[in-house]
Amino acid sequence: MFIKKARGQSKGGEALAYAQKYWGKLTRYTENGDWPIDNNPAENAIRPFVIGRKNWLFSNTVKGANASAVLYSLIETAKANQHEPYHYLRWLLTELPKTSASEIERLMPWSVEPTRIRVT
């Protein structure tokens, strides 16, 4: 087989060996047409946080770090559900005081149509 002959110290041989070793994983997305070929949307969503992580090394409290994580997760989830984050958060913070704990799920980004959010 060509791959066995090409393996060796060359970069091309290393690339072919890598492709052969992970071929099942590399072609997994072909099993279902709904699966994306890459994870770029997820990578792009976390990029701002990866870039800013050095700033967060010096969070003063665990509560502050947890609050930041919740807020960032909510913002990215809103984006993933086609909401404009500022409008969604403004709407959420207006609706939250009117909502009981058992009804919180209806305020989550995946439960609200973006057209339902009105900012005045």
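Is Arg28 buried, partly exposed or exposed, and what is its relative accessible area? In this predicted model, Arg28 is partly exposed, with a relative accessible area of 46%, where buried denotes under 20% relative accessible area, exposed over 50% and partly exposed the range in between (1.4 Å probe, protein chains only). Residues are numbered from 1 along each chain as its sequence is written, and side-chain values use heavy atoms, with hydrogens and water left out. Because the model is predicted, local features require pLDDT of at least 70 and side-chain atom pairs count only at pLDDT 80 or more, whereas totals for chains, interfaces and linings use all residues.

Four salt bridges were found in a search of the whole structure, a salt bridge being a side-chain nitrogen of Lys or Arg within 4 Å of a carboxyl oxygen of Asp or Glu. Side chains of opposite charge can pair when their charged atoms come close. One of these bridges joins the side chains of Arg28 and Glu31, at 3.5 Å from N to O; Glu31 is exposed, with a relative accessible area of 55%. Another links Lys79 to Glu76, with the closest N and O atoms 3.2 Å apart. Both residues lie in helix H5, three residues apart, about one turn of the helix; helices are DSSP runs (H or I, at least four residues) numbered from the N terminus. Lys79 is partly exposed at 42% relative accessible area, whereas Glu76 is buried at 15%.

Helix H6 spans residues 85-95, and its buried residues are Pro85, Tyr88, Leu89, Trp91, Leu92 and Glu95. These residues lie on the same side of H6, because they cover an arc of only 165° around the axis, the arc being that of the directions from the helix axis to the C-beta atoms. Helix H5 (62-80) is among the elements that cover them. The exposed residues Tyr86 and Leu93 are carried on the face turned away from the buried side of H6. At the start of H6, a side-chain oxygen of Glu84 reaches to within 2.9 Å of the backbone nitrogen of Tyr86.

Glu95 counts as buried at 18% relative accessibility, and its side chain meets that of Lys98 in a salt bridge (3.4 Å, N to O). Lys98 counts as exposed, at 57%. The backbone oxygen of Glu95 is reached by the side chain of Thr99 at 2.8 Å. Thr99 is found in the segment after H6 and is buried, with a relative accessible area of 12%. Leaving aside neighbours within four places in sequence, Thr99 is in contact (heavy atoms within 4.5 Å) with Ile104, Arg106 and Leu107.

Key: Helix = DSSP H or I, 4+ residues; strand = E, 2+ residues; numbered from the N terminus. Polar contact = N/O pair within 3.5 Å; in protein donor to acceptor, adjacent residues only side chain to side chain.
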